[in-house]
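Student: I would like a close look at one part of this protein. Please pick a single residue and walk me through its surroundings.

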Amino acid sequence: MELRGKKHVVVVIDMLNDFIGEKAALRCENGEKIVPAIKELVDFCHEENIQVVFVQEAHRKNDRDFRVRPVHAIKGTWGSQFIPELQPDESKGDYVVQKRRHSAFSYTDFDLFCREEEIDTVVLTGVWTNVCVRSTGSDALYHGYNVICLSDSTASKDDSMHESGLRDIDLFGDIMTTKEYMEAARKKFSNNNQVV
């Protein structure tokens, strides 16, 4: 598959202690399986000069979100921190977007960052496919970006939720595996056309 767009951002959504691992307050069990694929992708992006943005849910203590979901990812707590395997690296140009709602675009500076960096394509990874990943993808479309979702670098609590999220995203974006994306990106950006 040939990739659309001239400049991509790989978005790592909510790979945090309160979503990944046995002690997670809002554990996404299948999220643990995608850590190696995302790690490989982030390393690839650093080598190929593709922008990486880490999205961090960071709620206030009495966030309205907790009326419908368990308390999780309160700003400044262990639960809101990135898991050890996936830490942003500012020296490599990684950027962190903190959010309090499902979408990385909702009340954040993510769209401004993308426009300043002249990004036209958003590549989605992380958890949960049917909630935060799908919401970010929908908002990316509304803001005029191309959308790519990596099926084996995204996850939900179970396969049914994951597949429903992918089906929704497939209506407006491209669904690829991580390997397919890296192979296509290597061909497209092998001349280091991207400038971070």
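Tutor: Here is a walk around His 72, with two other residues for context. Keep in mind that the model is predicted.

Start with location. His 72 sits in the loop between strand S2 (51-57) and strand S3 (95-99). Is His 72 buried or exposed? Its relative accessible area is 1%. Buried means under 20%, so His 72 counts as buried.

Now look at its side chain. It makes a polar contact with the side chain of Glu 57, at 2.5 Å. The side chain of His 59 also has a polar contact with that of His 72, at 3.3 Å. Leave aside neighbours within four places in sequence, and His 72 is in contact with Glu 57 and His 59, as well as Asp 18, Phe 19, Ala 25, Leu 26, Asp 65 and Phe 66.

Compare Thr 177. This residue is in a loop too, between strand S6 (174-176) and helix H5 (178-189). Thr 177 has a relative accessible area of 26%, so it is partly exposed. Beyond four places in sequence, its contacts are Leu 150, Ser 151 and Asp 152.

The largest nonpolar core has 58 residues. Met 15 is among those with the most contacts inside it, along with Phe 110, Val 127 and Tyr 181. Helix H1 (residues 35-48) gives the most to this core, with six residues.

Key: Residues numbered from 1 in each chain as written. Predicted model: local features only at pLDDT ≥ 70, side-chain atom pairs only at ≥ 80, totals over all residues. Heavy atoms only, no water. Core = buried A, V, L, I, M, F, W, Y, C linked by side-chain atoms within 4.5 Å. Buried < 20%, exposed > 50% of the residue type's maximum accessible area, 1.4 Å probe, protein only. Helix = DSSP H or I, 4+ residues; strand = E, 2+ residues; numbered from the N terminus. Contact = heavy atoms within 4.5 Å. Polar contact = N/O pair within 3.5 Å; in protein donor to acceptor, adjacent residues only side chain to side chain.
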